[in-house]
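Below is a short report on how one protein chain packs and where it leaves space. Please read it alongside the sequence and the model.

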Amino acid sequence: QMFTVQFADTDSMVGESSKGVQLEIIPNIAEEFAVPREAGEAIETELAEAIQYMLSHQLQDLAMDEAAKNYEAPVDCDLLKVSVVNHQIWSQLGMPARAQEMKFQKVLKLLSAGVTAFVKGIDTGNMFEAHQDALGFFCSAFFEINIR
């Protein structure tokens with residue numbers, strides 16, 4: 001694997017990492033970001049390919065909205081519900097703020113549906129550590145976006 005980072009004011013040189021991976025030698029300030037990170041264990045090829053595809057292509061909003069309807073936030077999980085902006089406040093927001101808020105709302109809606117779909121698919125009496133971690137990651141992401 002070759003990692004290429006181009007800087008207009010430097011000459012590029014190619015080196016080899018301790019793992020035998022060729023790396024372009026770059027200024028120290030950017031070196032940390034160009035070094036390949038350790039990766040976890042491989043997953044099933046078909047699942048990996050599906051994830052790679054979904055992460056690299058925008059999924060159709062209409063299809064995602066339709067799928068999300070199947071995973072409304074549970075009645076006993078009030079904090080998982082996506083709040084709506086007050087109309088009086090909305091009218092006071094400028095266009096950049098409205099655009100940003102709409103993006104946050106979209107992400108929260110998708111995360112809420114994802115958490116709901118995830119918990120509907122697991123048996124709490126038979127949760128693996130990975131399930132608990134995934135739920136923690138989802139909820140932490142939801143919290144981070146929601147408090148902004």
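H2 makes the greatest contribution to the lining of the largest pocket, 3 residues. Helix H2 (45-56), H3 and H5 each supply at least two residues of that lining; helices are DSSP runs of H or I, at least four residues long, numbered from the N terminus. The lining consists of Ile51, Met54, Leu55, His57, Gln58, Leu59, Asp61, Met64, Lys106 and Leu110. The space in this pocket is about 300 Å³. A pocket here is an open set of points on a 1 Å grid over the protein atoms alone, where a 1.4 Å probe fits, with protein on both sides within 12 Å along at least five of seven lines; lining residues have an atom within 4 Å of a point. The volume is the space filled by probe spheres set on the points.

The model is predicted: local features need pLDDT of at least 70, side-chain atom pairs count only at pLDDT 80 or more, and totals for chains, interfaces and linings use all residues. Residues are numbered from 1 along each chain as its sequence is written, and side-chain values use heavy atoms, with hydrogens and water left out.

Beyond its neighbours within four places in sequence, Leu108 is in contact (heavy atoms within 4.5 Å) with Val82, Phe142, Ile145 and Asn146.

In H5, the buried residues are Leu108, Leu111, Ser112, Ala113, Val115, Thr116 and Phe118. They pack against helix H3 (61-68) and H6.

There is 1 aromatic pair, where ring centres must lie within 6.5 Å and planes over 60 degrees apart count as edge-to-face. The rings of Phe118 and Phe138 have centres 5.7 Å apart and planes at 70°, so the pair is edge-to-face. Phe118 lies in H5 and Phe138 in H6, 20 residues apart.

| Residue | Relative accessibility | Class |
|---|---|---|
| Phe118 | 19% | buried |
| Phe138 | 29% | partly exposed |
| Glu72 | 54% | exposed |

Glu72 sits in the loop between H3 and helix H4 (87-92). Its C-alpha atom is 7.1 Å from that of Thr116, 44 residues apart along the chain.

Definitions and conventions
Rings of Phe, Tyr and Trp (its six-membered ring) pair if their centres lie within 6.5 Å; planes under 30 degrees apart count as stacked, over 60 as edge-to-face and the rest as tilted. Buried means under 20% relative accessible area, exposed over 50%, partly exposed in between (1.4 Å probe, protein chains only).
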